[in-house]
Amino acid sequence: MSDADELRSLLATEGPAVSAGTQGFNRGRYESVARLSEYEGLKAEARSIKEDAIERLPELIDQLRETVEDNGGTLYLADDAADANDYVRSVVDDRDADRVVKSKSMTSEEIDVNEALAADGVDVVETDLGEWVLQVADEAPSHIVAPAIHRSRESIADLFNARFEPDEPLESAEELTRFARDHLGELIADAQVGMTGANFVTADTGTMALVTSEGNARKTVAATDTHVAVAGVEKVIPTVEDLHPFVELIGRSGTGQDITSYVSLLTPPVETPVVDFADDETPLSELGADREFHLVLIDNGRMAMRDDDELRETLYCIRCSACSNSCANFQQVGGHAFGGETYSGGIGTGWEAGIEGLDVAGEFNDLCTGCSRCVNACPVGIDIPWINTVVRDRVNHQGEDGGFDFLVDGLTPEADDGSPSLQKRFFGHFETVAKLGSATAPVSNWLAERRGSRVAMQRLLGIDARRELPQFQRETLVEWFADRDVTVANPRREVVLYPDLYTNHVQVERGKAAVRVLEALDVDVVVPAVASSGRAPLSQGMLSTARGHAERVAETLGPHVDRGRDVVVVEPSDHAMFQREYDRLVDADAADALSANSYEVMEFVYGLLENGASTDDLRAGAGDRVAYHSHCQQRTLGLESHTVAVLERCGFDVLTSDVECCGMAGSFGYKETYYDVSVAVGDELREQFRADDARDRAVVASGTSCLEQLDDLLDRPTRHPVQLLSPP
Amino acid sequence: MSASPYDALASALSSLDVPCERTTPAAFAETLAAHLREPAVGVALDGVNASLSGTDVAVDPTPATLRTAETGVTPASFAIADYGSVVVPSTPSGTELVSLFVDRHVAVVDEADVLPGMEAAFDRFGEEFRASASSGIVATGPSATADMGALVRGAHGPSEVRVIVVEETDE
C-alpha cells in the first residue's frame with residue numbers, strides 16, 4: 001500500500017500531469033454524452049448485452065471457435081498467463097520472427113508477454129506512442145487508456161533527447177510525435193508478427209473491434225503476415241450488431257471523444273495484401289494475402305469471477321477509463337498509487353481481486369471512498385463502489401492484527417466481519433464513539449483535542465492530528481425534539497425526520513433547522529431514536545456490521561412508512577444508503593419501501609413547493625449570494641438541482657461547485673495516510689470558492705464531510721442549505 | 001425538415017476540419033485534382049460511381065511507390081453521417097494500405113451510401129460480415145494522439161483526410 005510519503009511524492013511529481021489529463025477527459029465526457037440523445041438508452045442496451053454475453057459465455061466461446069476456424073484462423077483458450085505466453089512464444093517461434101510489433105493491450109500487460117518474448121530473444125516493440133514512451137522509460141502504465149498520462153511533454157522530451165540524442169533537441173508535441181512515428185514506422189515495416197488486443201470480439205462472425213486513434217493498430221495488422229490477438233474471455237459478445245452501443249459509448253465515456261479516429265472491425269485473417277516495402281515491381285493487387293491469425297482468449301481468473309456473485313459485474317467493464325477520470329482521488333494520484341499489477345482506477349479493484357488476488361487489490365482499494373461519482377459515468381452501469389466495498393470486506397477477513405481486538409472497548413467487530421484494522425473498527429463503529437461523545441460533551445471534545453490525545457489517536461488510530469475533530473453536542477437532536485411541544489394543525493404531510501448520526505450528535509443545528517422548515521410548511525414531524533444507517537461500517541468494508549445497522553433502521557422506520565409517513569433525510573450519504581445500498585443489506589420489501597418513501601430534505605422541500613406550499617413561510621433570500629457545494633452521492637442520485645431550485649425560488653443567488661467530490665469522504669480525510677490526498681482534492685474546491693465571483697458568498701454544503709472539509713479549507717463559516725431557509 | 005444525409009455528413013466533417021465536397025461522376029476527375037498532393041497513389045474505385053482513369057493518381061502502386069506517396073485515394077464502402085466517418089474496406093487490392101501509409105487520405109463514396117447513423121452502419125456490417133467474413137475500418141478524421149503532452153493530428157496514420165461524395169445520376 002502506498003504510505004503517506006509515497007502519496008505525497010506522487011502528488012508532487014505525477015499529480016499535475018495526471019490531473020490535467022484526467023480532468024480534461026472528464027470534462028470531455030460530460031460534453032460528449034450530452035450531445036448523444038440516446039445516451040441512457042444505449043447504456044441500458046450495452047449493459048444488457050454484457051449481462052447476456054457473460055451469462056452465455058461458454059456457449060459463445062464455442063461458437064466463436066467455430067467461426068474463427070471457418071475464417072481460417074485459430075482460437076486458443078489459455079487458462080492463465082503462463083499458458084497464454086507459452087502459446088504466443090510458440091507462434092512467434094514457428095514464424096521464426098525476430099520482431100513483434102504491438103498495439104496497446106492491457107491484457108498483454110496483464111500476462112507480461114513482452115518479458116516472455118524478450119527472454120526468447122525477440123525484439124518486442126510497443127507502437128502506441130504512450131506505451132512506447134513507457135517502454136523507453138521502463139515504467140508501468142498509470143491509466144488504462146492513456147498509459148503515459150503521468151508524463152508531461154517536457155519530461156517526454158527530456159527522455160527522448162537523452163536516449164536518442166537527435167541532431168536537434170526535440171521540444172514540441174509535434175516534434176516528439178513525428179520522431180516517434182518515423183522511428184516506429186521503420187520498425188513496423190520490418191516486423192513479422194503483429195500483436196493486438198481486442199475491445200470486443202463477436203461470436204457470430206469472429207470480428208474483433210479495436211478502438212484506437214493513432215493508426216498503429218491498423219499498421220500492426222496490415223504490415224505483418226502473422227496476427228496474434230490477445231483478449232480476455234469477457235470480450236466476447238454475440239453479434240456484430242451488438243457492437244453498436246459500445247462504439248457510440250466507449251470514446252465518449254473515456255476520453256470524451258464522440259468517436260476515436262479508428263474503429264477497426266477486423267474479421268481476421270484480413271484480406272489486405274502482405275507487403276515488403278522494398279518491393280518496387282509488384283503492384284499491390286498482385287500480392288497474396290497469406291496471413292496467419294491466432295486469437296488467444298485468456299481466462300486467468302475470469303471464469304471464477306463469472307461464478308462470483310459480487311465480482312461478476314467487473315466482467316462487464318469495457319476498459320473505457322470513465323471511473324478513473326471521474327474519480328477525485330485518481331485525478332490527484334493516478335494509477336501508480338490507485339492501481340494494482342495491471343489495472344487502475346475504481347474498477348481496477350475488481351480486476352485485480354479476480355486476476356491477482358486480494359493482496360494486490362487491498363493495496364489500493366482504500367483509495368476508493370465510495371463517493372459514487374463513477375456510477376453514472378460507467379457506460380455499462382457497474383456498481384463500482386459496491387465492488388470496492390465487497391473487496392474491502394474480504395480484505396478485512398484476511399486481516400492478521402487480531403491483537404488489537406479488545407484494546408478499545410465497544411469497537412469489537414461483529415463475529416462475521418473478520419479482522420478489520422483498529423482504524424477501520426474505530427470509524428466503522430462511529431455510532432458508539434458519537435454516543436459516548438455526546439453523553440460526556442463537552443468533556444469529550446476537550447479531552448479529544450488535548451495534544452496528548454491527538455498524538456495517541458494518530459499513533460493508534462492513524463487519525464491525522466492536523467484535522468479538527470467533530471464537536472459532539474451534549475443535547476442530541478432526538479433529545480431536543482422530545483422536549484418540544486409543537487403541533488401542526490391540518491398537516492400537509494407527515495414525516496419522520498431521520499436523525500442520522502451526524503445530525504443527531506454533531507450538526508444538531510441543521511437538524512433543528514430542518515424540523516423548523518418542515519413545520520413552517522405545515523408538515524407534521526417526528527424524530528424518533530433510530531440506529532445509524534450503517535454507512536460508517538459499510539465504508540470500512542465491515543459488511544456484517546453494516547447489515548445489522550440496516551436491519552435495525554428498517555425495523556424502526558418500517559412501521560412509520562406503513563402508517564403513511566415519509567422519511568426525510570438530512571445527511572446525503574445516509575439518504576444514498578437507503579436508495580442505493582439497502583437492497584443489498586436488508587430484504588427486498590423493506591428496502592423497496594424505504595427507498596420509495598425516503599427523500600433528501602431539500603428534495604422534499606422542493607416537492608412541497610411544487611405541490612402548493614409557499615416560500616412565504618420560509619426565510620427570504622432577498623438576493624443573498626451563496627456558494628453551494630452539493631454532495632457527491634447526492635449528485636449521483638440527481639438531487640443537486642433540487643437544492644439549487646429551492647434556494648433560487650426563495651430568492652438566493654446561487655453559484656455551484658463542479659468538482660466531483662470535496663475530498664473528505666467520511667473518514668478518508670481524517671486518515672493520516674490520506675490526509676494530503678484529501679487536501680489536494682479539496683484544494684480544487686477551495687480555488688472555486690475563492691474565485692472572484694465566489695469569495696464574498698456565504699458557503700453552504702449538504703454533507704457533513706463536505707462541511708468539515710470546507711471548514712478546514714476556508715475562513716468563512718459553513719452551513720447546510722436548510723439552515724438558510726429556517727424561519728426566524 | 002431534417003438535413004439530408006450529405007448535409008449531415010458535411011457538417012460533421014466540418015467540425016473535424018475535414019474538407020468534404022460533392023461532385024458528379026462526370027466532374028469527378030476535376031474535383032479530385034484539387035485534393036491531390038503529389039505524388040498520389042490509389043486503388044480502383046470499385047463500388048463507387050467514379051473512376052481514377054484520366055487523373056494524376058497512380059493506380060495499384062507497388063509497395064515501394066506507396067511508401068513514398070503523399071496522397072492515397074480509395075473508395076469508401078459507405079459513410080456515417082452523424083459522426084463524419086467513412087468506412088475503409090480491407091480488400092485484396094490494398095485499400096487499407098493506400099488509405100493508411102500516406103499523409104493525406106482522400107475517400108470517395110457514393111451519395112447513396114451515406115448512412116444516417118451508427119445503428120444503420122452496424123446493421124450493414126452485420127449483413128456484410130456474416131456474408132463474406134470481410135473487414136472494414138470506421139475512420140473518422142485524421143489519425144491523432146495526445147500521448148506527447150498535447151493533441152497532435154497525424155500520428156501513425158494520415159494527418160489529413162478529404163471526402164468526396166459522388167452524386168446519384170438520373171440515368
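**Exercise 1. Find what share of the chain A contacts between residues at least 6 apart in sequence joins residues at least 24 apart.**

Step 1: Two residues are in contact if their C-beta atoms, placed from the backbone, lie within 7 Å.
Step 2: Of the contacts in chain A between residues at least 6 apart in sequence, 76% join residues at least 24 apart.

Before we go on, a word on the model: it is predicted, local features need pLDDT of at least 70, side-chain atom pairs count only at pLDDT 80 or more, and totals for chains, interfaces and linings use all residues. Residues are numbered from 1 along each chain as its sequence is written, while chains are lettered from A and ligands numbered from 1 in the order in which they are written.

**Exercise 2. Describe the build of chain A.**

Step 1: Count the elements, which are DSSP runs numbered from the N terminus (helices are H or I with at least four residues, strands are E with at least two). Chain A has 36 helices and 18 strands.
Step 2: Compare the radius of gyration, taken over C-alpha atoms, with the globule rule (2.2 Å times the number of residues to the power 0.38). For chain A the radius is 28 Å, close to the 27 Å that the rule gives for 728 residues, so chain A is as compact as a globular protein of that length.
Step 3: Along the principal axes, the C-alpha atoms of chain A fill a box of roughly 100 × 55 × 50 Å.

**Exercise 3. Work out which residues and elements of chain A meet chain B.**

Step 1: Chain A brings 56 residues to the contact and chain B brings 47 residues.
Step 2: Several elements of chain A each supply at least two residues to its side, among them α10 (173–189) and β9 (262–266).

**Exercise 4. Trace the sheet that holds strands of both chains.**

Step 1: Recall that strands of a sheet pair through backbone hydrogen bonds, either parallel or antiparallel. Here, two strands pair if DSSP finds at least two bridges between them.
Step 2: Write the order of this open sheet of eight strands: β8(A)-β5(A)-β6(A)-β9(A)-β9(B)-β6(B)-β5(B)-β8(B), with mixed pairing.
Step 3: Look at the edges: β8 (236–237) of chain A and β8 (114–115) of chain B each have a single partner strand, so one side of each is left without a neighbour in the sheet.
Step 4: Go to where the chains join: four bridges link β9(A) to the antiparallel strand β9 (residues 136–139) of chain B. There, L265(A) stands opposite G136(B).
Step 5: Within chain A, β5 (residues 200–202) and β6 (residues 208–212) pair in the antiparallel sense over two bridges, and V201(A) stands opposite M208(A).
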